[in-house]
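Please open the model in your viewer and keep the sequence beside it, so that each selection can be followed in both.

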Amino acid sequence: MNEREAIFISHATPEDNDLTIWLGAKLSAMGYEVWADVLRLRGGHDWQRRLEAALRNRACKVLLIANPISVEKQGVRNEIQIASDVARGLKDDSFVIPLRTKPYQSPFLIAQAQYINFERGWAEGFQDLILALNDYGVPHNQPVNTDVWRELQTIHARALTTAPETLVSNWVSVQNLPPRIFFHPEGSDLRAFDDYVRVPYGNGHLSFAGVLPKRGKQNSRVRRTDALINEGWNALGLPKHEGRKLITQLINAAVADYLKRRGLSTYMMANRHEAFWMSKTTPLIKVQFDWKPYRGSRLLQGKSLKRGVQWHFAVSPSYQVFPSRHICFRSRLIFTTDGESPIQSSGRMHQLRRSFAKGWRNARWRDMLLAFLYWLSQGSNALSIPVSPDESIELRLPPMFFRSPVGLPAADESQEPDEDDPTPDLEEERFDELPEEEDF
């Protein structure tokens with residue numbers, strides 16, 4: 001019987017605990033025997049001795065969760081040293097399999113090890129890992145038992161309460177769409193509709209703006225919006241599924257045009273989604289909101305003196321039809337050095353997004369979105385986005401609230417300390433220019 005049938009996960013504690021527990025549960029559910037330092041959290045047993053024995057005598061592969069933090073941890077380095085000694089004895093050059101969650105400088109002992117990329121996502125990396133384990137012939141014939149890993153997942157969990165809880169979404173309901181859509185062939189005189197969005201189709205454009213035919217006359221260039229959605233547009237050779245896509249493009253273009261007219265600047269994200277950010281032409285002071293049960297005020301842009309940047313709240317809106325028609329406003333952060341031009345380095349922008357707001361809690365993001373939407377609608381429960389001289393897309397505010405029959409005890413929503421941006425004296429804060437972020 002082969003005594004080496006286990007997988008040992010080497011990881012940084014506590015930084016990589018979540019991934020280790022997730023990975024351990026997945027592998028155990030597939031019949032693998034899994035050991036990891038995170039098992040110490042269960043208490044009892046002489047885990048130091050048992051873990052070292054598993055690494056030296058039971059492991060047939062070592063998974064190293066590799067990132068700049070983990071490879072500098074002394075405990076991880078000790079495990080890499082032991083694993084290297086074992087690998088030499090087994091003559092196994094692939095004994096250690098790094099799982100790269102972030103770019104890192106590989107320790108000398110495993111410099112030649114081929115990593116599996118977990119940067120794109122845990123699920124995608126896990127698929128590649130399973131393929132590798134199968135190629136290496138790692139046994140997975142253990143009785144399926146995920147109780148240990150499930151217990152670890154619930155150690156710091158909060159118990160549900162029977163008190164109902166109100167949850168705020170980032171969905172803004174679309175109450176009404178324009179009743180008609182127009183096709184304008186190439187060469188049409190559109191000067192009367194220059195202020196309204198249109199999208200190209202065939203040898204012309206589609207728009208919610210146009211001139212209705214005289215009563216009693218048919219016009220193949222006009223279609224009811226609901227008919228296009230449900231039936232398509234035979235006169236144009238436009239099937240309904242393509243018609244729905246074009247309507248989505250028109251609505252997204254209309255929302256984007258409205259945000260630009262309100263003074264927001266644009267930035268193209270790495271995923272090709274456009275973000276609309278609060279610039280100097282939008283409020284520089286705290287923006288109040290009052291949508292029961294939520295009321296308060298939030299800054300939507302500010303300065304970080306230590307980092308030498310200015311931060312700007314941004315949104316990426318998109319029209320969606322499931323489970324009901326709505327605009328989804330995804331929250332973003334954009335960084336500039338002068339309040340006008342986004343930082344050109346995508347790597348620097350990405351790094352700032354991950355580090356600058358690391359202490360921001362859910363309540364802060366929720367309140368910033370509520371403050372933004374309150375400003376956008378000027379405190380109204382309705383927002384009209386013009387798409388023609390006579391028609392608008394009608395949105396209903398505030399965003400959709402959902403009522404859960406159970407809830408969670410209130411979590412600590414206080415900000416994590418940020419050594420780079422200590423909290424300034426609010427009494428000395430000046431609002432004739434961008435304020436420094438008061439929560440740092």
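Does Lys91 count as buried or exposed? Select Lys91 in this predicted model: with a relative accessibility of 74%, the residue counts as exposed, and its place is the loop between α3 (74-90) and β4 (96-100). Most residues other than glycine have a negative phi, and most peptide bonds are trans. The phi of Lys91, however, is positive, near 55 degrees. Go on to Gln378, which is not a glycine either and has a positive phi of about 55 degrees; this residue lies in the loop between α9 and β19 (382-386) and, at 69% relative accessibility, counts as exposed.

Thr13 and Pro14 are joined by one, with omega at about 5 degrees, and Pro14 lies in the loop between β1 and α1 (17-29). Then select Leu397 and Pro398, where the peptide bond is also cis, with omega near 0 degrees; Pro398 belongs to the loop between β20 (392-396) and β21 (401-404).

Next, display the strands β2-β1-β3-β4-β5, which in this order form an open sheet with parallel pairing. Its edges are β2 (33-36) and β5 (116-117), each of which has a single partner strand, so one side of each is left without a neighbour in the sheet. If you zoom in on β1 (residues 6-10), you will find four bridges joining this strand to β2, and Ala6 has Glu33 of β2 as its bridge partner.

For the next stop, select Trp311, Phe335, Phe356, Trp360 and Trp365 together, because these residues form one aromatic cluster under the rule that ring centres pair within 6.5 Å. Within it, Trp311 and Trp360 make an edge-to-face pair, 5.4 Å from centre to centre and with 75 degrees between the planes. Trp311 lies in strand β17 (residues 309-320) and Trp360 in the loop between α8 (346-356) and α9 (362-376), so their pair ties together parts that are 49 residues apart in sequence. Trp311 is buried at 0% relative accessibility, and Trp360 is buried with a relative accessible area of 5%. Phe335 and Phe356 also form an edge-to-face pair, with ring centres 5.4 Å apart and planes at 80 degrees; this pair links strand β18 (residues 326-336), which holds Phe335, with helix α8, which holds Phe356. Both Phe335 and Phe356 are buried.

The charged end of Arg364 sits over the ring of Trp360, 3.8 Å from its centre, while that of Arg262 sits over the ring of Trp375, 4.5 Å from its centre.

Technical notes. Residues are numbered from 1 along each chain as its sequence is written. This is a predicted model: local features need pLDDT of at least 70, side-chain atom pairs count only at pLDDT 80 or more; totals for chains, interfaces and linings use all residues. Side-chain values use heavy atoms; hydrogens and water are left out. Rings of Phe, Tyr and Trp (its six-membered ring) pair if their centres lie within 6.5 Å; planes under 30 degrees apart count as stacked, over 60 as edge-to-face and the rest as tilted. Helices (H or I, at least four residues) and strands (E, at least two) are DSSP runs, numbered from the N terminus. Buried means under 20% relative accessible area, exposed over 50%, partly exposed in between (1.4 Å probe, protein chains only). A charge sits over a ring if NZ of Lys or CZ of Arg is within 6 Å of the ring centre and within 35 degrees of the ring normal. Two strands pair if DSSP finds at least two bridges between them.
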